[in-house]
Amino acid sequence: MQKIINGIQQIGIGVNDAKKVFNWYRRHLGFDILVFEDNSTAHLMLRYTGGKPRDRYALLAMNMRGGGGLEIWQFKKREPKAGFNRNVQLGDLGINAMKIRSRSVKEIHTKLSVHHKPSISEINATKKEGLYFYFVDPWDNLVQVVEDDYTFCNTRNAAGGVFGTIIGVSDMEKSLSFYGNVLGYNQIISDRSGFFPGFSSIQGGSGEFRSVLLGHHNRATGGFGELLGPSKIELIQALDRKPVKIYENRLWGDLGYIHLCFDIYGMKELRKECESYGHPFTVDSSDSFDMGNAAGHFSYIEDPDGTLIEFVETHRVPILKRLGVYVNLKNRNPGKPLPKWLVKAMRLHRRSRDLK
């Protein structure tokens, strides 16, 4: 059995009001495809939920312009802790920010500046990434909007889906080995050290850093790979201070970025590879799980600093939910993308109004 990593499926965000967060990202950044809503109990995450099953409400929002989605996650019977979320310094260990692609950075910057001016940076540029800017969303999550022309489907919004992440690490060489060997980010797009003017607007960004931007050669595009598109991961190491772990003494699902999730095929082969590289699965659903109208096999590993990486092998996903039409991925060629017209049919799940 071969292993295929199709792309970033989603970034998990712990929140205290999932519908409010979905509504904001729907209106401002085009995450208006509601793939699923699910009320259930997380029985398998005991390692990260204090040894107790936790009731939760979760939804998955996608942007049809192309890119990963947002898994917006809310405890139902527990007040989520903020921990360091309001005081994360650039380079702290874990997911510092998500990258969102946009065909027009200036258009998104203008739109967000109207309502979000105190928490938005100026537009900057690098030779390798083009135009970009940062903003802090209403829930204190840092976001980078990056110029990128990849388009799966034209939409009304100039923003696309999740393009990647910025991850704080303590040992760059160990992290480069992990993200290159395990996740396939084997292309070093840029490797810079020093003081970065573009970081000046970010909390803790005035220090000295090493920043390595990673991409991938020969990206697989099976299943939903064309919707997810190519992605980049930026690893940041603070060189003049000792970073703290963002999720220290908190539970999975507490406020902030909780995991980075990849859509994959070949979970058994992936399990063997992760073990061989010294990063065994810490959570494994072992078989097909149901999550609302979607189903699959999921697992988790930790990067060298404990950042949670999720893998999902999708077995079933709703395309025309109201008509009972689902795509079963278990018995199809894993290296062949789904027909574009079929994936585009997910636009029928578009929410034109806020969730109540």
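**Exercise 1.** Find which residue of β13 stands opposite I5, and describe the pairing around this position.

Step 1. I5 stands opposite I264 in β13. The model is predicted: local features need pLDDT of at least 70, side-chain atom pairs count only at pLDDT 80 or more, and totals for chains, interfaces and linings use all residues. Residues are numbered from 1 along each chain as its sequence is written, and side-chain values use heavy atoms, with hydrogens and water left out.

Step 2. Strands β1 (residues 4-15) and β13 (residues 256-265) run antiparallel and are joined by 9 bridges. Strands here are DSSP runs of E with at least two residues, and helices are runs of H or I with at least four, numbered from the N terminus; two strands pair if DSSP finds at least two bridges between them.

Step 3. β1 is also joined to β4 (residues 69-75), in parallel, by 6 bridges; G12 stands opposite E71 there.

Step 4. In β1, 12 of the 12 residues are buried, meaning under 20% relative accessible area, where exposed is over 50% and partly exposed lies in between (1.4 Å probe, protein chains only).

**Exercise 2.** Determine the strand order of the open sheet of 8 strands and name its edges.

Step 1. The order is β6-β7-β8-β5-β9-β12-β11-β10, with mixed pairing.

Step 2. β6 (124-126) and β10 (187-195) are the edge strands, each pairing on one side only.

Step 3. β10 pairs with β11 (residues 208-215) in the antiparallel sense over 8 bridges; the partner of I188 in β11 is L214.

**Exercise 3.** Describe the surroundings of D92 and its salt bridge.

Step 1. D92 is in the loop between β4 and β5 and is buried at 2% relative accessible area.

Step 2. Leaving out residues up to four places away in sequence, D92 touches N87, G168, R241, P243, V244 and I246; contact means heavy atoms within 4.5 Å.

Step 3. The side chains of D92 and R241 meet in a salt bridge at 3.0 Å, N to O. The term requires a side-chain nitrogen of Lys or Arg within 4 Å of a carboxyl oxygen of Asp or Glu. R241 lies in the loop between β12 (232-238) and β13, 149 residues apart from D92. R241 is partly exposed at 29%.

**Exercise 4.** Locate E234 and K99, whose side chains meet in a salt bridge, and classify their accessibility.

Step 1. The N to O distance is 2.9 Å. E234 is in β12 and K99 in β5, so the pair ties together parts 135 residues apart in sequence.

Step 2. E234 is buried at 4% relative accessible area, and K99 is buried at 0%.
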